[in-house]
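The sequence and model are shown first.

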Amino acid sequence: MASLYVSPHPDDFRSLQALIAAQYCSSSCPLAVTVQPPASLHAPSRPTLVLGPGEDCVLSGSSAVSWYLASQGDVVGRDDRQRSQVWQWLSFADNEVTPVSCAVVFPLLGVIARDKKVQQSSRMELLRVLKILDRALEPRTFLVGEGVTLADICVAAALLLPYKYALEPADRKVLNNVTRWFVTCINQPQFLQVLGKVSLCEKMGPVTAKTNAPAETSAAVVCNQAANANAAPNTAIGANDAIANGPPKTEAQLKKEAKKKEKMDKFQQKKDMEEKKKQKPAAEKKAKPEKKEIGVIAYNIPTPAGEKKDVTSPLPDAYSPQYVEAAWYSWWEKQGFFKPEYGVRWLTSAEPAGHEEVVVATTRIETMLGDSAVAVHPKDPRYQHLQGKMVLHPFCDRKMPVVFDDFVDMNFGTGAVKITPAHDHNDYEVGERHKLEFINILDENGLLINVPAPFLGMKRFDARKAVLQALKDRGQFKEIKDHAMVVPVCSRSKDIVEPLMKPQWYVSCAEMGKDAADAVRGGQLKIIPDHHLKTWFNWMDNIRDWCISRQLWWGHRIPAYFVTVNDPSVKPGQVSTSLLRIQNSYEDVLDTWFSSGIFPFSIFGWPNETQDLNVFYPGTLLETGHDILFFWVARMVMMGLKLTGKLPFKEVYLHAVVRDAHGRKMSKSLGNVIDPLDVITGISLQGLHDQLKDSNLDPLEVEKAKNGQKSDYPSGIPECGTDALRFALCAYTGQGRDINLDVNRILGYRHFCNKLWNAVKFAMKTLGDNFLSGEESAVDRWILSRLAAAVALCSAGFQAYDFPGITTAIYSFWLYELCDVYLESVKPVFSVAEADDTAQRRALVCRQTLYTCLEVGLRLLAPIMPFVTEELFQRLPRRLALDSPASIAVTPYPETDESDEVDRQMEFVMTVVKTIRSLRADYNLTKTRADCYLQCIDPATVSLVQKYSLQIQTLSYSQTVNAVTPDQAVPEGCAVAIASDRCTINLVLKGVIDVEKEVAKLTTKKGELEKQMEKLREKMTKNDYKEKVPVKVQEQDAEKLRQSQTELEKVTEAIDNFKKMM
């Protein structure tokens, strides 16, 4: 068996190149050996291939070895032409790619000294070389032919180092074609067998050296990591063992290495300490609570479609979308609460008359056969003498005028351009302005017509070469220059699109556009949000004629007819209808937006005056995306006014376009498309991958999409439910033109649903069958006031289409007011409900208030979260069972009456609560309850504190709450904080905490803060600080110093307070 001597170094791209080529051998693959070739072989470098005994059977050098191996696998080209192209790319890899790749990457690997200027210039040269390669790969999948050849192997191997260590994502984005090709190559099975999974560079920088694989390990399975710079001689990279030995180190380098070693020793000590901690007995560790997984609870009670869901069974312990959303939809439909809408998813010179020539530039030289003029700028001094002159076409006797037009850029090329009105959009308009001849030179098959021989009948790109050669033969060709431009490419066939004149049907829109603009200016039509008005008026005030014909296979046929008279004896104007023959001979179809534009009235039988048309047209509101404001909305308005005399609707609400969490447009090839059903029901990462198999993406795009899915959804998409998705989309509308949809935020609203669930579960434990009237407490009146405020905000929000305002109001009420404040406040009331008659009456009033909050709060939320609100509404008891609506879907939306006084009182109470909580946090009182004395400035404040003392005590986790006047003493050993100008908080700490321990702890912290501040001041007072340090860093340092000063003052104050207690 043949032996292949290679380097075991994972980055020796020459050896890797030979190993990959060996994978393509049709016969048995040679044995890979990772030691130096025997001296008897006289092989100067690795890779070396030994085919048998004797010097004639030894091949050395990556090119020779790779060519031999690849030829065994028939990947060196099918014919002489392809083999020559492969040799051309091998030369490109050796002479162009490899030198610059090594110059860029070797300093990063520590092989050669790092010179930033040299490395930067090398990097620029590398990018220049790769841009040449990028242009060559634009129309190709592989370098030569339709499959992998040695050309791909050699160039890809030469690019391994840059792609692993130097080419950052931004570089790869510019080199799109090269990156596409490179990724395709390294994912071929033969490449994967040698390279494994190649990780592309994220940020260019020095590479941390790692230990090599053992010498006996096959190079085909070494890891994709940088090698140790001090490795043994038999692990050298490349032909000259550059990486392994390297140049002798300078004194500065040795000092740097000593410093680095010192740091590494410290790091190792730290790791050893951590390891010792891990080896401590398990009993010393505090057990962390396990993270609960989101549970899925199914509704398993048999319920026929259309029948009401069973709501008598106990509520599950937690909210589950699958359970909640079961059975409700068909029941709503059968009951007639709503009717669902069902749809169906479906550059030459031209010689003037005389001896002067005009040199023009062009990117499509074949189109000169259809030129009818040469254009120059009216102010260009070079061509003023050509006014009224003609030029002679190089290939025919056609005389073409020199026209003067502002469209020409004087600074581009020669300042003179050829005009082909029939095959260029801009030239078409020039031709219209100057009444030029329109000469069509292409038929629908891309063959040349109306041109002189020998070009007649040629394909367009064959004609390009022929015209170029003909100009050279005539001595009229000047030069070729690179010019960046956008080439229109068909998204389906990938062919280059060629402008071609076609007869089309147009609609004059000037009058209709004015009427549509006036309707908005006059207030008859309202566009919401109003920041879209600028777009509307820009379109309507500058509208052009509308081309309504399309050359497609399907659509509504153009309603245009030929009327012919079969009797030649009939004179014009004397036609009998019996002699007429009407024929539709136009195969063009209407623009889809034309058909869509008449949708609002055509569906009701227009042009006939039907009852449906009279009843249902015009409508009230159109809701659609802002991206089709002109394409659809404007067309409906214009055609509605023109054909019916009425606006099709009074208001237009434009929603945002949904993008992914990073603000990117959703694209299958990026793998960031979010299917709403996957968000509702949840899907695993593998499930997302499986969906790509059924798509029409090519294999390269599938891999790219999978990587995108792994990045965005490493664990898949959790089940969020319909309600959470609806709520999130309403909340997101405040972002403006685009929604950056983050699944984690939707998941947060699922947790909000669980909060609702638990609130209602708690309430149902406390609500009884008897609802009695009673005197409401202050906190009852407050929560009812907050409920009224939420109702008012929601009502105003629906009127103004302010959906974020609605969701914020509902979310804040349920979460921050009802759950966080009111429910916590009334728990003590319910805990002593049976103590006496007074306690019973108070508990009954709390139940009444709680019921009102739940019932009205659910009705507020129902339009946005229909499923969870229906489930909970059905389980709430009824005040008046006989008159109770069958479904929350048909209950009236809440109306309100607000109270300001109780809001002001509760605002004061919450300020006091927050101040006490802040004090407790400062003194680390996590579980210990302390007495609290509130010094009030006047009797009214004392009365207010007494009124809400239970709520303050409960919400602030205090032992007791005592209201005192300024002349009354408070106990010693209190921490003090000011809640407002009317109230000072005194939190008793004496006897509650270990004062000496706290003083010692705070003294240590004070010393650390003083050291930090001293070090920061020393840095900021240096002479060159303001000149050398960036302004942003200076601002950050100043802010750090300010924060440290504030913290030091607090610590000092706390120490003084504690010392008073000692």
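1. Leaving aside neighbours within four places in sequence, which residues is Ile985 in contact with? With contact taken as heavy atoms within 4.5 Å, the partners of Ile985 are Val912, Thr915, Ile916, Leu919, Cys932, Tyr933, Leu934, Ala975, Val976, Ala977 and Ala979.

2. This is a predicted model, in which local features need pLDDT of at least 70 and side-chain atom pairs count only at pLDDT 80 or more, while totals for chains, interfaces and linings use all residues. Residues are numbered from 1 along each chain as its sequence is written, and side-chain values use heavy atoms, with hydrogens and water left out.

3. Ile985 is among the residues with the most contacts inside the largest nonpolar core, which has 124 residues. Such a core is a set of buried Ala, Val, Leu, Ile, Met, Phe, Trp, Tyr and Cys residues joined through side-chain atoms within 4.5 Å. Helix H28 (residues 803-831) gives the most to this core, 15 residues. A second, separate core of 67 residues includes Ala2, Ile20, Leu130 and Trp181.

4. Helices (H or I, at least four residues) and strands (E, at least two) are DSSP runs, numbered from the N terminus. Buried means under 20% relative accessible area, exposed over 50%, and partly exposed in between (1.4 Å probe, protein chains only).

5. In helix H32 (residues 939-947), the buried residues are Thr941, Val942, Leu944 and Val945. Viewed down the axis, these fall within an arc of 160°, so they line one face of H32; the arc is that of the directions from the helix axis to the C-beta atoms. Pro939, Ala940 and Gln946, on the other side of H32, are exposed.

6. Helix H17 (residues 533-541) buries Trp536, Phe537 and Met540. Their arc around the axis is only 90°, which puts them on the same side of H17. Among the elements covering them are helix H16 (510-521), strand E12 (526-528) and helix H21 (629-644).
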